[in-house]
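Subject: Structure for you to look over

Hi,

Here is the structure I promised to pass on. My notes follow below it.

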Amino acid sequence: MHTLKDVKNTLPASWYYDQDHYARELDAIWYRDWVCVGRIDSLEHDGDYMVIRLGTQNIVVTRVTDGTVNAFHNTCRHRGSLLCRESEGRFRNGRVICPYHTWTYSLEGDLLATPGRIETGDFDAADYSLYNVHVDTWRGFIFINLSESPESSLIEFIGKEADYLQNWPLDQMRSVHQEKFPIACNWKIFWENYNECYHCPRVHPELCKVMPVYKKAVFDPADFPDWEPEFDGDTGGGAVGGGARTWTMNGEISLPMIEGLSENDVTRGVVFASITGSMYIVGHPEYVRSVRILPTGPETVELTVDWLLPSAFEVEDKQDIQSIIELPRLVIQQDGEVCELNQLGLRSDRYDSGILVPQEYELWHFHEFVRRKLAAASATSAIEK
Ligand code: FES
Ligand SMILES: [Fe+2]
């Protein structure tokens, strides 16, 4: 049992819309932690790039050599022009060329040429490399960290969550389908909603059919002291039941099973790994879903959902993968709707903060995380001053 023993207040309402507070959270959390920006398999050739907008920052991630990536601010060192206008593309001949005065950089960010510049003796190109950003990969996912000196390595940052999906061959999987979901809510609203199932009986009737435990407004039978045999098949930690084997509309598996899964992985039908605030990955017996979250403003967020299958699986017809797309898409749309209602309602002048119910214990941990990160950031900025 993890449930909260007493009533706790939520975070202050203004933290969900105030522009200055949003800037503090960007600095304390999003610009200091590792943030997943995509899959390595989406950069197929050397020189392929994607542009990521993280808060107010614009970052280019490019494939340098086979499987190795580099990331830099999308800003020229001459007078600060944007380097890439498109959201993705390919740098030809391994060169990043500024569209303004043609300063030319390598994919690693070295300044190679300043065409047409009148030579002077005091100019050293080595002083004007692109502003590189820390970048690393974990099992096919690319992460960036905007801090000049990250507090932890990527693997330390992911921590024990990495273990939950260890049997899924994530690095040998590729995205067969991607959808983006812009939602008009603060990023914390979406994360809070993801972290409770109090809303599930009302909001997700279709999901509750494959996850009977969710009908009781909890994630995990262990949260519910006298859970009943109707949750047959649930082996703990929240699992499929009622005859369902996976997260599809009819609960059936219609694609090849992923090899290497344990009996427990298969029986549960769903295993989550969460990276607080920015991402979660869900393993099912026949597919994996990753959901990335990026704040785009104080009251807006963009989700990017990828459906991953083993690389060897050839999708000849999108119809083949409809079964795995339909239910998660519906669930995200349902979540998006209530998140937007939540955002609109907390704008009331009378609402200072709400309260958590016992099964919202993960929200309490998340709120503690946000408070801790804000406190740590204001302590370091006080030292810097
Ligand atoms: S701003 Fe890029 S070359 Fe001038
Ligand atoms: Fe939900």
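The protein chain has nine helices and 17 strands. Its radius of gyration is 23 Å, close to the 21 Å that the globule rule gives for 385 residues, so the chain is as compact as a globular protein of that length. Please keep in mind that this is a predicted model.

Some further overall figures. Along the principal axes, the C-alpha atoms of the protein chain fill a box of roughly 80 × 55 × 30 Å. Of the 385 residues, 36% are buried. I also checked the contacts between residues at least 6 apart in sequence: 64% of these join residues at least 24 apart.

Now to one sheet. Strands in a sheet pair through backbone hydrogen bonds, in either a parallel or an antiparallel way. Here, three strands make an open sheet, ordered S7-S8-S9, and the pairing is antiparallel. Strand S7 (95-97) and strand S9 (111-113) are the edge strands, each pairing on one side only. On average, neighbouring strands of this sheet are turned by 40° against each other, direction ignored.

A closer look at one pair in that sheet. How many bridges join S7 to strand S8? There are three, with S8 covering residues 104-106 and the two strands running antiparallel. And which residue in S8 is the bridge partner of Arg95? That partner is Ser106.

If you open the model, this pair is a handy place to begin: find Arg95, then its bridge partner Ser106 in S8.

Best wishes

Note on methods: Residues numbered from 1 in each chain as written. Chains lettered and ligands numbered in written order. Predicted model: local features only at pLDDT ≥ 70, side-chain atom pairs only at ≥ 80, totals over all residues. Pairing = 2+ DSSP bridges. Helix = DSSP H or I, 4+ residues; strand = E, 2+ residues; numbered from the N terminus. Axes fitted to C-alpha atoms, helices over the stretch in contact; angles between N-to-C directions. Rg over C-alpha atoms; globule rule 2.2 N^0.38 Å. Buried ≥ 20, exposed ≤ 12 C-beta atoms within 10 Å, placed from the backbone. Contact = placed C-beta atoms within 7 Å.
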